[in-house]
Number of protein chains: 2
Amino acid sequence: MNPCETCAVRNQAICSALNPDELGVLNRIGRSLSMQKGQSLMWEGDQSLTVANIISGVFKLTSSLDDGREQIIGIAYPSDFVGRPFGNTNEYTVTALTDAKLCAFARADFEKFTPQHPQMEHKLLEKTLDELDRARRWMLLLGRKTAPEKVASFLLEMSQKLGGNDCSTGDTALAAFELPFGRQQVADILGLTIETVSRQMTQMKKAGLIDLPDRRHVRILQPEQLEEMSMAQPV
Amino acid sequence: MNPCETCAVRNQAICSALNPDELGVLNRIGRSLSMQKGQSLMWEGDQSLTVANIISGVFKLTSSLDDGREQIIGIAYPSDFVGRPFGNTNEYTVTALTDAKLCAFARADFEKFTPQHPQMEHKLLEKTLDELDRARRWMLLLGRKTAPEKVASFLLEMSQKLGGNDCSTGDTALAAFELPFGRQQVADILGLTIETVSRQMTQMKKAGLIDLPDRRHVRILQPEQLEEMSMAQPV
DNA sequence: CGCAAAATTGAATAGTCTCAAATGTAGTGG
DNA sequence: CCACTACATTTGAGACTATTCAATTTTGCG
């Protein structure tokens, strides 16, 4: 049986554009890949040899300067596509933040498959356009927001991406979620130092905007005030 | 005669993937559009109704906060594609920095044309992937570089993009170019204030790294030292 | 329980911003 | 051609935010 049929991201990943027959062909050139927390799939500057769909786990995309300063320039979740098709070099490092599973392809194979399956390429285009919008929105944050605004924006984005509602109180939605990032990584996402992130978060806790049950968990108590603090655009 | 045949970006824009017949069809749904310096083609938050190829001129893509803080999140040159296909809203404002010419399409028409022309969609995908890489590289600059590093990086990028060599001296390549940006716009690209940009540039001039014949012109005198100052990755 | 790593807290510093003023530039009409 | 205006840029001084460096506390794990 084709393992794609039971794939957790069957309906979200770019392969959702394929019919069962096509999926069979794709499956023959792909291979399943398990990664451990902390492992890197590819490195900035390397030749682009592999592309992949994320089946489970969270990845960070990073770029760094010689002296070690690092910026997280993207976060990839299940059903996202990583790697650089149609280009020779990886412009960033891709690292697993949790244990993870991928569906990986040799770039050459992928690029041979793709021209015969324009619907899949279309899916990839849509995903890439979404990513571009997201990256550009983040540029506004990096270039123009203050530290409290950055942290508030980050927590809201995370709550939207990761947050199931915690309705234990029966109250209005209070998003609670587990961060897949340590403080240093949050700092690398926001273009701040770990100390500044820590200070902002404890201040928000003291102000009653959020709760921090432990260092990996966040609960948003005052979403409206957090929204206001984030300077989010009313879309 | 189909005006596409004499189009200045015929071989670089996404329509370069089309044969003359297909181009005729595309030409029928597109219309030529002239814009003046300062005019905006679309606004952040608006419905996405138009997409376009840039024929001539330079555009800025911007996003701003309520209080007026603005970030330039992209720059578009001739042969680039602007607008948001396959999505409902424009995530940013597109404004002409110079007088400009476009080849514009109603998004609906464009999206009807596209499925029958996967080679063109492929071109668009390649362009979008390039843009994404560029945006992410810029995120490293915005999040982690200092003011002098930012300005040096910017000047080098501009010299690469706009600079013909000025070989009047017969010497090694000294790139000279005209900035399509005022100082405030440079600040909006780099996530700095106009004053900081100004100070950095005069300092670089005093240090002999660059020359500033007038406020729109730059000549790079010491490319290696500028490179060093920019903390560019040795690719 | 004890250790190493992660996170927090504190104090001092540096870098960038803010506000204000001065200078330079391009364009206009006399 | 020049004076005048409006605007862009530069320069300066001071304030403030975020960083740096150092020390302490907390956390997770063997």
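How are H4(A) and H6(A) oriented to each other, roughly parallel or roughly perpendicular? The model examined here is predicted; local features require pLDDT of at least 70, side-chain atom pairs count only at pLDDT 80 or more, and totals for chains, interfaces and linings use all residues. Residues are numbered from 1 along each chain as its sequence is written, chains are lettered from A and ligands numbered from 1 in the order in which they are written, and side-chain values use heavy atoms, with hydrogens and water left out.

Helices are DSSP runs of H or I with at least four residues, numbered from the N terminus. Two packed helices are described by the angle between their axes and the distance between the axes. H4(A) and H6(A) pack at an angle of about 75°, and their axes lie 10 Å apart; axes are lines fitted to C-alpha atoms, for helices over the stretch in contact, and angles run from 0 to 180 degrees between N-to-C directions. The two helices H4(A) and H6(A) are therefore roughly perpendicular to each other, a class that covers 65 to 115 degrees, with angles under 35 degrees counted as roughly parallel, over 145 as roughly antiparallel and the rest as oblique. On the H4(A) side, A:Ala147, A:Pro148, A:Val151, A:Ala152 and A:Leu155 meet A:Thr196, A:Gln200, A:Met201 and A:Met204 of H6(A), where contact means heavy atoms within 4.5 Å. The contact of H4(A) with H6(A) comprises 7 nonpolar, 2 polar and no charged residues; Ala, Val, Leu, Ile, Met, Phe, Trp, Tyr, Cys and Pro count as nonpolar, Asp, Glu, Lys and Arg as charged, and the others, Gly among them, as polar.

DNA strand D is surrounded by 18 residues, the closest being A:Ala147, A:Thr196, A:Arg199, B:Ser198 and B:Arg199; a residue is near a strand if one of its heavy atoms lies within 4 Å of it. Of the atoms of DNA strand D within 4 Å of the protein, 69% belong to sugar and phosphate. Polar contacts are pairs of N or O atoms within 3.5 Å. For B:Arg215, a polar side-chain atom is 3.2 Å from a sugar or linking oxygen of DNA strand D. H6(B) supplies the largest share of the surface near DNA strand D, with 4 residues. By class, this surface has 3 nonpolar, 8 polar and 7 charged residues.

Around DNA strand C there are 17 residues, and the closest are A:Arg183, A:Ser198, A:Arg199, B:Ala147 and B:Thr196. Sugar or phosphate accounts for 70% of the atoms of DNA strand C within 4 Å of the protein, and bases for the rest. A base nitrogen of DNA strand C lies 2.9 Å from a polar side-chain atom of A:Arg199. Phosphate oxygens of DNA strand C are approached by polar side-chain atoms of B:Thr196 at 2.5 Å and of B:Thr193 at 3.2 Å. Two or more residues of the surface near DNA strand C come from each of helix H5 (183-190) and H6 of chain A and H6 of chain B. H6(A) gives the most, with 4 residues. The surface near DNA strand C contains 2 nonpolar, 8 polar and 7 charged residues.

Terms used. A polar contact is a pair of N or O atoms within 3.5 Å; within protein, one must be able to donate a hydrogen and the other to accept it, and residues adjacent in sequence count only if both atoms are side-chain atoms.
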